[in-house]
Amino acid sequence: MDPKKVIICRCEDITLEDVRNAIKEGYTSWDQLKRVLRIGMGPCGGKTCRILVLRELAQHLNVPIDEVKTRPTVVRPPLRATPLKVFAKEGK
Amino acid sequence: MSTYDIIIVGGGITGVATAYELAKKKAGRILLLEKEFVSAGSTGSCAAGIRAQFGTEFNIGLMKRSLDKFEHLARELDYPEDKIELWQGGYLVLAYSEKEWENLKSRVEVQHRLGIMTEILTVEEIIARFPQLNLNGVYGGTFHQRDGHADPLHTTFAYARAARRLGVEIREWTRVEGLVQERGKIRGVKVNGELIEGEKVLVACGAWSSHLMKTVGVEIPLWGEKHEILITEPLERAFAPMVISFSIGYYIQQRPHGSFIMGIGPENPAHWHDPRDFDFSPTWRFLERMSQAATSVLPMLKSVNIVRQWAGLYEMTPDAHHILGPIDEVPGLYIAAGGSGHGFMFGPVVGELMAEWILGETLSYDITRLNYQRFQKGELVREPAVVG
């Protein structure tokens with residue numbers, strides 16, 4: 001498995017190699033990787049990539065996945081990408 | 001002798017920029033403490049805008065210098081240009097009343113005097129240049145090309161990385177529980193119940209700063225105010241400037257990455273002094289108000305997908321200016337906070353000047369009027385060009 005060819009984030013086109021390099025640079029939490037790679041910031045909102053990244057972090061840090069540092073959960077809607085006009089209409 | 005010469009509390013733009021500038025001046029052993037990770041607070045939640053179109057000479061002068069720094073930042077910090085994402089597509093400020101129009105035009109005179117070459121545009125001129133806009137209710141606008149965008153996350157990471165290269169120690173996921181003084185002088189900070197000693201301590205933790213200052217009995221009039229923001233899916237470049245209205249309170253900009261980022265000021269914001277009250281939950285009401293404002297001024301956005309909304313804190317002060325400088329009651333203690341919605345864009349210049357101040361050098365731009373005592377003395381520094 002060539003990490004250059006494994007796509008972890010389809011929205012932002014981020015490979016496993018990108019993730020591993022960023023972890024090596026010291027971005028050792030989901031929240032930091034998101035901010036440095038834009039992983040999880042695309043239309044899927046992290047629903048595809050988050051668990052893959054957490055597993056990668058857990059392996060790198062050699063800890064169980066629930067010990068990987070995350071900030072307190074903040075929900076950032078919408079759950080699915082939604083056009084502005086939907087909300088503009090509701091607001092009238 | 002203390003373990004550190006300077007301890008900085010807060011890993012936002014202000015903290016990391018000051019750490020970098022201090023290290024560049026070989027200020028000794030520097031420790032930066034951040035309760036989550038670098039950029040996790042207000043810096044990383046902000047709208048990424050940078051502008052020199054302010055109302056007071058003081059702010060225009062400072063932001064002119066900050067823009068100069070942003071224009072050379074990637075090289076200075078040895079960080080990829082395409083990550084800093086500097087984009088100078090200009091800020092287009094729209095006026096929605098005769099009075100607002102007059103005010104905007106009067107500010108341009110001051111801006112010109114200071115070398116900020118803002119253009120005054122009639123409604124016809126705006127339409128000719130930016131045909132995507134719906135200008136219903138607009139009286140005119142001002143435009144300054146050098147204003148625009150920089151990525152707050154990568155800019156902050158760039159400073160942090162450069163600071164580390166120069167020997168600054170940065171500890172993330174490390175919460176400072178309190179400041180420690182001894183015989184009326186700063187002694188250090190408390191982490192996990194233990195003292196870390198520092199000759200000097202700079203508090204640069206945004207809306208969290210006033211709470212921390214209280215641990216040594218210093219009252220700072222600074223509070224957190226919730227502001228919401230959203231971002232869309234990325235599109236090909238379709239619109240260049242940040243379009244902004246101070247009276248309606250909206251701002252919208254397409255980022256170099258392609259997504260549109262936008263916000264609108266809160267209706268009745270609470271003033272939060274205690275971090276336990278800080279609330280980052282997104283609201284439905286914001287989505288409605290924002291979508292209405294955005295689709296009205298930029299109808300092309302109607303079918304564009306929102307992918308994320310979030311909230312962050314403006315770190316407000318009574319006159320919407322930073323609070324900067326030494327704390328007289330506790331020698332060795334300094335504050336740099338209170339950006340009031342502009343902390344990121346002022347960050348590079350504030351970092352430079354705070355480093356001078358902390359090292360006792362002559363300030364290359366006089367920011368002494370932003371001292372914390374101005375509120376007691378009634379010497380407020382009013383800024384009219386604030387969103388929300």
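The model is predicted, so to speak of a local feature takes a pLDDT of at least 70, side-chain atom pairs count only at pLDDT 80 or more, and totals for chains, interfaces and linings use all residues. Residues are numbered from 1 along each chain as its sequence is written, chains are lettered from A and ligands numbered from 1 in the order in which they are written, and side-chain values use heavy atoms, with hydrogens and water left out.

## Where the chains meet

Let us start with the interface. The size of an interface is often given as the accessible area lost when the parts come together. Here about 3000 Å² is buried between chain A and chain B, and carbon and sulfur atoms give 60% of that area. Buried area is the accessible area (1.4 Å probe) that two parts lose on being put together, summed over both. A:Arg35, A:Leu84 and A:Phe87 supply 23% of what chain A buries against chain B, more than any other three residues. Chain A brings 33 residues to the contact and chain B brings 34, where contact means heavy atoms within 4.5 Å.

The interface of the two chains holds 2 salt bridges, each being a side-chain nitrogen of Lys or Arg within 4 Å of a carboxyl oxygen of Asp or Glu. A:Glu25 and B:Arg161 meet in a salt bridge at 2.9 Å, N to O. On the chain A side, the elements that give two or more residues are α2 (30-37), β3 (82-83) and α4 (84-90). These elements are DSSP runs numbered from the N terminus, with helices (H or I) of at least four residues and strands (E) of at least two.

Between the chains there are also 13 residue pairs in polar contact, both residues at pLDDT 80 or more. A polar contact is a pair of N or O atoms within 3.5 Å; within protein, one must be able to donate a hydrogen and the other to accept it, and residues adjacent in sequence count only if both atoms are side-chain atoms.

## Strands across and within the chains

Strands pair if DSSP finds at least two bridges between them. The table lists three such pairings.

| Strand pair | Bridges | Sense | One facing pair |
|---|---|---|---|
| β3(A) and β16(B) (305-316) | 2 bridges | antiparallel | A:Thr82 and B:Ile306 |
| β12(B) (223-232) and β16(B) | 10 bridges | antiparallel | B:Glu225 and B:Tyr314 |
| β12(B) and β15(B) (260-264) | 4 bridges | antiparallel | B:Glu228 and B:Ile264 |

Strand β12 of chain B is mostly covered, with 10 of its 10 residues buried. Buried means under 20% relative accessible area, exposed over 50%, and partly exposed in between (1.4 Å probe, protein chains only). B:Trp223 and B:His227 are among the residues pointing one way from β12(B), while B:Lys226 and B:Leu230 are among those pointing the other way.

## Two residues of chain B

B:Ser209 sits in helix α9 (residues 209-213) of chain B. B:Ser209 counts as buried because its relative accessibility is 0%. A polar atom of the B:Ser209 side chain lies 3.2 Å from the backbone nitrogen of B:Cys205. Beyond neighbours within four places in sequence, B:Ser209 is in contact with B:Val203, B:Ala204, B:Ile335 and B:Ala337.

B:His273 lies in the loop between β15 and α10 (284-297) of chain B. With a relative accessibility of 37%, B:His273 counts as partly exposed. Leaving aside neighbours within four places in sequence, B:His273 is in contact with B:Ser210, B:His211, B:Leu222 and B:Trp223.
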